[in-house]
Amino acid sequence: MAAMKKLTFCIFPLLLFSCQKEEINTYDVVTGLVASVPLDGSGYEEVNGLNGTNVKAVPVNNRHGEAGKAMFFNSNDSSFIDFGDIASLSFTNNQFTICCWVNVSDSTKPISILSKRGETGPWEFSLDNHFSHKVFTLDNWVEGGSTTVYGTDPLNAAVGIRTGVWSHLAFVADGITLQAYQDGILQAGSDSIRSGSFFSNTVAHFIIGNGGGYGKNYFFNGCIDDVLIYNRPLDKESIQYLSLK
């Protein structure tokens with residue numbers, strides 16, 4: 001009997017630990033990953049094995065204080081990194097997740113974190129603050145640029161801009177709505193898909209540090225780190241996990 005009690009005592013903590021582990025690890029940040037740019041002192045994109053063309057972006061400390069593990073973009077120098085056309089970033093089913101860390105130096109003028117658009121077309125998306133200098137929104141166009149896929153201008157899915165601090169941003173589209181998260185917290189407001197509107201597969205280049213509207217370039221001013229893009233909507237738990245890394 002004593003031996004049986006001892007065995008039971010040993011097994012119970014293992015079962016408890018197993019249950020706790022299963023409950024905690026509910027996130028999936030691997031499935032559907034189509035672009036990963038750690039910006040560890042370079043413009044290397046890991047999923048497709050691409051070296052982006054770096055124009056004046058320089059290494060800087062990341063959010064953990066590690067030297068050369070993020071990149072600084074100076075709008076006065078028109079700095080950016082160009083990866084060319086990455087076909088897997090054209091979300092023709094209107095489903096995706098775009099995540100990144102940013103530390104904004106100055107938001108008094110339009111700035112863009114990333115985009116897949118040409119200056120005069122074609123257009124797919126631009127993550128910038130040109131609707132309001134106080135928030136980032138994801139401007140999302142059909143190929144001709146005549147209208148948006150989700151919502152109408154100005155867009156509602158937005159995250160507030162805080163200068164001088166690192167923030168984790170995530171924009172999630174599930175084919176029905178576009179929602180925004182900041183530091184793992186779902187923000188108020190969302191955009192509904194416009195009937196019959198779809199993203200197109202264009203030859204527009206994927207660029208970090210620049211974006212904008214027709215005939216304009218909004219160069220970023222500050223630091224960017226760990227850009228992750230998925231071809232599916234991440235769930236809340238996965239986004240919260242990424243916001244704590």
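**Backbone features in the loops**

Guide: Happy to! Keep in mind that this is a predicted model. Let's begin with Pro-122, which sits in the loop between strand S9 (112-117) and strand S10 (123-128).

Visitor: What kind of peptide bond joins Gly-121 and Pro-122?

Guide: The angle to read is omega. Here the bond between Gly-121 and Pro-122 is cis, with omega at about -5°.

Visitor: And which kind of peptide bond runs from Asp-153 to Pro-154?

Guide: That bond is cis too, and its omega is near -5°. As for its place in the chain, Pro-154 belongs to the loop between strand S11 (135-140) and strand S12 (158-160).

Visitor: Let's turn to phi. What is the phi of Leu-39, and where is this residue found?

Guide: Leu-39 is not a glycine, yet its phi is positive, about 55°. You'll find Leu-39 in the loop between strand S1 (33-37) and strand S2 (44-45).

Visitor: Is Leu-39 buried or exposed?

Guide: Here we read relative accessibility, where buried means under 20%. Leu-39 has 0% relative accessibility, so it counts as buried.

Visitor: What about Asp-183: what is its phi, and where does it lie?

Guide: Asp-183 also has a positive phi without being a glycine, at about 50°. Its location is the loop between strand S14 (177-182) and strand S15 (185-186).

Key
Residues numbered from 1 in each chain as written. Predicted model: local features only at pLDDT ≥ 70, side-chain atom pairs only at ≥ 80, totals over all residues. Heavy atoms only, no water. Helix = DSSP H or I, 4+ residues; strand = E, 2+ residues; numbered from the N terminus. Buried < 20%, exposed > 50% of the residue type's maximum accessible area, 1.4 Å probe, protein only.
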